[in-house]
Amino acid sequence: MIGGIDVIVPSRAGKEQAVVASLRLIRRFWPSAVVEDANTGQRTAIGRDALLPETLCDLFIYPDEETANRWDELGAEPELANTMIHLLVRDAQVTAVVDDPQAETIRMFLSSLRSVLSMNSLWKHAA
Amino acid sequence: MSKTLPQDLEQLIRTCGEDWLIDSFHPREQAVDVLHKALHGATEEAGRRGLALPFQESDLIAQYEQHPFQVDAFLQALGVTRNPVMLVMVWRILQGATISSVTLQYENMQSFHLRVALTSPYGEGEPEEYESRSVNDAGLLRHFGIMTVDGQPVFDGFYALRLGGQD
């Protein structure tokens, strides 16, 4: 990702529930997704019957471990376009930094995220 | 939400701000015992399904340390239902199961039938079926994440809601 595009999605969910909702959605599109804490570099696979991490608020998301490793090796090369989402989760909004918001998977993820984060004024812990 | 780790189920409930689970119970002094029994029932139901789920008090407290908001959502479910089948369903959703279908049949003053099918997000195993004949369990549906994905309807996730009396 070189000079990614910031897409801001308003959220009524509160930070932690927005993280969970975002990661659940990501897993629909990238079933083997790997999440990396942007502050520590620690990676977590987000599947297989474990509750999702809810305390991360600045994270990189890759489709799988192999792609994450390629990002480590190559950095922001064009061949890796649209294979990483940088998510910054705050109380009232989620910012997704992406290469191309119109790329199919990214577009569907962003559209779904807008939908779920606006769904319900009854979210507990809402901003 | 406090970072101090609760020591027992009552502290866990109160730390999550779900005091109503205990305080609105009648008789109040029996609330924790009843909730323990519900968790025990859920553990047994999970076992019947070949699942090892963390419904013991110590398990929930341990999960709370890393996942306080998802444990909170489960505790709210415990306030809606003591039905072990539904409690297992809720935890499976929290674990990431996909809500693949919901069937609700209701006839005023006659019948209620809720059926939820869950599948693995990885396409593994057989669908899991969860059924209830108790209308109270309809309250669980309010906690489902509701959205569209590519214009199509989706229920996904189980979330804590702001309930009456909560800030």
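Reader: What percentage of the 127 residues in chain A is buried?

Author: This is a predicted model, and burial is judged by neighbours: a residue is buried if 20 or more other C-beta atoms lie within 10 Å of its own. Among the 127 residues of chain A, the buried share is 39%.

Reader: Is helix α1 of chain A mostly covered or mostly uncovered, and how many of its residues are buried?

Author: Helix α1 of chain A runs over residues 15-29 and has 15 residues. The helix is mostly covered, and its buried residues number 13 of 15.

Reader: What distance does α1(A) reach from its first C-alpha to its last?

Author: At 1.5 Å a residue, a span of 21 Å is expected for α1(A). The span in the model is close to that, at 22 Å.

Reader: What radius of gyration does chain A have, and what would a compact globule have?

Author: The C-alpha atoms of chain A fill a box of roughly 45 × 30 × 25 Å along the principal axes. For 127 residues, a compact globule would have a radius of gyration near 14 Å. The value for chain A agrees with this, since it is 14 Å.

Reader: In what pattern do the helices and strands of chain A follow one another along the sequence?

Author: Chain A contains 3 helices and 6 strands. Of its contacts with a separation of 6 or more, 67% join residues 24 or more positions apart. Read along the sequence, the pattern is β-α-β-β-β-α-β-β-α.

Reader: Turning to chain B, which are the edge strands of its open sheet of 3 strands?

Author: The strand order in this sheet is β1-β2-β3, with antiparallel pairing. An edge strand here pairs on one side only, and this holds for β1 and β3 (128-132) of chain B.

Reader: Which helix of chain B packs on that sheet?

Author: From one strand to the next, the sheet has an average twist of 10°. The helix packed on the sheet touches β1, β2 and β3 of chain B, and its direction makes about 140° with that of β3(B). It comprises residues 84-94 and is helix α6 of chain B.

Reader: Which residue of β2(B) stands opposite B:Thr103?

Author: Strand β1 (residues 98-107) and strand β2 (residues 111-119) of chain B pair in the antiparallel sense over 9 bridges. Within β2(B), B:His113 stands opposite B:Gln105. Opposite B:Thr103 stands B:Arg115.

Reader: Which residue in the turn between β1(B) and β2(B) has a positive phi?

Author: These strands form a hairpin, with 3 residues between them. The positive phi, about 65°, belongs to B:Met109.

Conventions
Residues numbered from 1 in each chain as written. Chains lettered and ligands numbered in written order. Predicted model: local features only at pLDDT ≥ 70, side-chain atom pairs only at ≥ 80, totals over all residues. Pairing = 2+ DSSP bridges. Helix = DSSP H or I, 4+ residues; strand = E, 2+ residues; numbered from the N terminus. Rg over C-alpha atoms; globule rule 2.2 N^0.38 Å. Buried ≥ 20, exposed ≤ 12 C-beta atoms within 10 Å, placed from the backbone. Contact = placed C-beta atoms within 7 Å. Expected span 1.5 Å × (residues − 1). Axes fitted to C-alpha atoms, helices over the stretch in contact; angles between N-to-C directions.
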